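Open your viewer and get ready to select a few charged side chains. We will go from pair to pair.

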Amino acid sequence: MEFEIGTHRDTEAEAEAEAEVPKEPPKIHRLDESVVNRIAAGEVIQRPVSAVKELVENSLDAHSSSINVVVKDGGLKLIQVSDDGHGIRYDDLAILCERHTTSKLSTFEDLQSIKSMGFRGEALASMTYVAHVTVSTITKGQHHGYRVSYRDGVMDHEPKPCAAVKGTQIMVENLFYNMTARRKTLQNSANDFSNIEDLLKRFSIHHINVNFSLRKHGASGADLHTVGTSSRLDAIRSVYGVSVARTLIKIETSDNNPSSSVFKMNGFISDSNYVAKKITMVLFINDRLVDCTALKRAIEIVYAATLPKASKPFIYMSIVLPPEHVDVNVHPTKREVSLLNQEVIIVKIQSVVESKLRNSNQAQTFQEQIVEPSPSGNIGIIKDSSFSSSPPGPKSQKVPVHKMVRTDSLDPAGRLHHYLQAKPCGPLENNPSLTAVRSSVRQRRNRKETADLTSIQELIDEIDCNCHSGLLDVVRHCSYIGMADDVLALLQHDTHLYVVNVVNLSKELMYQQVLRRFAHFNAIQLSDPAPLSELIMLALKEEDLDPECNENDDLIEKITEMNTELLKQKAEMLEEYFGIHVDVHGNLSRIPVILDQYTPDMDRVPEFVLCLGNDVDWEDEKRCFQVISAALGNFYAMHPPMLPNPSGDGLQYYKKRKPLRNPEDEENTSNNIEDDVTIEDEMEHELLSEAETAWAQREWSIQHVLFPSMRLFFKPPASMATNGTFVQVASLEKLYKIFERC
């Protein structure tokens with residue numbers, strides 16, 4: 001025992017002696033330049049989306065109007081950014097990818113007033129240290145471009161001449177190929193691609209005059225494609241969807257007091273109808289896409305205090321400050337900036353957002369639909385009553401059972417015909433994707449700019465003033481169920497079922513669209529120009545009650561000649577304002593496009609041309625435009641086809657009819673009879689097929705063209721509440737009461 005204690009004491013003494021001996025400090029040495037550059041590259045290019053952001057910002061600095069991005073495996077294998085900017089000079093290619101080489105500034109003082117998005121000259125250099133970079137570029141006036149590859153900041157070879165289009169294309173391949181740990185953490189390419197897509201969406205709603213596209217390598221179509229527009233709201237609508245755009249409120253504020261803050265802010269914020277799981281905040285400061293945690297948190301606090309359930313908003317803001325009030329050099333990726341008087345600016349913006357939200361919440365209205373008896377006994381008159389919304393309570397109210405509408409979320413609306421027919425209609429199986437068609441319809445916007453004619457503006461104002469608010473809510477939020485008969489369609493809105501007159505709806509929608517697209521029409525080119533004289537004569541003969549009267553023939557010829565000459569004289573005006581082209585020979589060769597994906601029934605052209613000649617008052621400008629617009633509306637309305645509906649009783653029309661035979665002809669051979677039946681069957685089969693195609697095409701147009709367009713553009717006049725266009729046929733609450741009694 002004594003031996004063990006003694007040994008322990010000796011060990012402690014040795015340890016204390018060693019501790020008293022001073023250790024030499026580690027030697028400081030200079031890191032190898034390649035190590036320094038890779039460390040810096042890892043800070044600047046953190047993920048593939050970081051590289052895309054740097055390249056897109058360079059393209060914007062080059063004043064590009066079109067930027068195309070292609071990625072592979074989320075950007076790890078390939079990032080390709082092409083633009084149509086001013087390009088890179090040949091003499092600058094040698095130092096293009098060296099660190100801290102830039103055309104954006106020359107002295108440190110330039111940084112105080114920097115307006116470009118890039119300024120350090122680190123982005124391209126960083127990419128060359130962690131990837132293989134190839135640049136192809138051409139500048140104005142050059143006959144060919146140059147291509148060069150870079151590694152570790154220097155050229156692999158001299159620039160080689162190549163064919164090129166205007167601008168610059170940069171390919172970044174095998175990103176982080178020499179950083180194994182970083183590459184392993186970025187294997188989920190789906191997340192990286194969605195981050196890149198979100199980045200380009202943000203750029204596209206701010207730089208609305210630039211076309212952006214994004215696609216995966218090898219894909220035939222683009223995952224994101226935006227077209228330059230003059231409206232910020234239209235840009236948001238095309239990128240984030242109609243459901244987001246319809247909830248946005250415009251905000252703006254400014255301050256010109258040098259003692260407090262100098263800034264201008266404008267943007268859009270979502271109202272109480274927007275529902276999302278997380279906040280979407282798109283913030284640009286001096287055209288630079290940045291994050292501002294303090295501003296984001298301040299706005300979230302306003303939404304949590306003002307709207308129920310701590311709503312997560314959609315926010316777009318553009319803040320403009322004097323360049324000297326912004327420090328852009330505070331983050332390696334330039335993601336954040338520092339603002340002078342940041343607290344004051346945030347408080348002012350927070351106050352404006354709170355004011356807008358409270359006004360929006362107070363103005364919220366709800367529609368109450370009441371069915372009243374009409375002279376015909378079955379027409380539902382829709383009235384609207386507005387109530388100020390009550391403050392949100394601590395608990396959400398439970399929806400009563402009789403207010404619940406149960407639907408199958410996996411089955412799209414408009415499937416009534418699946419229950420009425422044994423098999424779906426065949427003629428439309430080869431139509432393009434319904435999703436693409438709906439997208440095309442939704443992306444078309446009413447043109448705000450029309451010809452500077454007060455008469456057109458007055459007609460549009462009349463439509464707006466005469467709009468029925470209750471019907472407007474039905475139109476905006478209804479679900480299409482199917483066709484009830486040749487003219488009536490079934491719609492569901494909230495807990496109510498409506499029967500609507502498709503012909504009346506389409507006629508009024510077309511009329512409104514003609515006025516709103518006045519002088520801005522695309523054209524449908526007729527395959528064969530149609531002589532006006534023949535069209536008018538055909539229409540007159542169809543109206544002639546006594547076709548055997550010779551005097552009527554003379555009258556028809558005179559009317560035809562007069563109307564033809566009149567329309568030839570008015571050809572210039574018809575083409576300029578309505579897209580109706582009549583050539584010098586009196587032939588109709590073009591008619592306007594009123595709704596995309598829809599062509600009118602050409603069997604109604606004679607009636608339309610006759611209406612232009614007979615019914616238009618050419619002396620009164622407003623009346624003239626109104627009648628022409630109404631004539632176009634009637635022509636483009638979705639009338640039932642001329643051939644009877646090949647279902648139900650209408651099928652009798654297509655059944656084969658044996659020709660009447662004289663008794664003497666009954667002795668004909670059976671072979672002749674079989675030949676006659678065969679010919680009859682073939683002719684009737686073709687007629688039936690033509691009718692089925694026409695009716696199926698009409699129903700498809702009603703569901704996928706008329707009603708999507710109606711939700712976007714239509715403003716129902718008050719008369720439609722009483723003239724049988726909208727008829728409420730069922731109410732869930734009343735049905736619930738009936739079943740309660742059973």
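Start by selecting Lys568 and Glu565, which form a salt bridge with their closest N and O atoms 3.7 Å apart. A salt bridge here is a side-chain nitrogen of Lys or Arg within 4 Å of a carboxyl oxygen of Asp or Glu. This is a predicted model, where local features need pLDDT of at least 70 and side-chain atom pairs count only at pLDDT 80 or more, while totals for chains, interfaces and linings use all residues. Residues are numbered from 1 along each chain as its sequence is written, and side-chain values use heavy atoms, leaving out hydrogens and water.

Now show helix α17, residues 550-569: Lys568 and Glu565 are 3 residues apart in it, about one helical turn. Helices (H or I, at least four residues) and strands (E, at least two) are DSSP runs, numbered from the N terminus. Lys568 is partly exposed, at 29% relative accessible area. Glu565 is partly exposed too, at 39%. The cut-offs: buried is under 20% relative accessible area, exposed is over 50%, and partly exposed is in between (1.4 Å probe, protein chains only).

Next, select Glu575 and Arg590, a salt bridge with closest N and O atoms 2.8 Å apart. Glu575 sits in helix α18 (residues 571-578) and Arg590 in strand β22 (residues 587-592), so the pair ties together parts 15 residues apart in sequence.

Move to Arg89 and Asp92. Their side chains meet in a salt bridge of 3.2 Å, N to O. Is Arg89 buried or exposed? Arg89 is exposed, at 52%, and Asp92 is partly exposed, at 30%.

Last stop: select Glu458, Glu462 and Lys622, which a network of salt bridges links. The structure holds 15 salt bridges.
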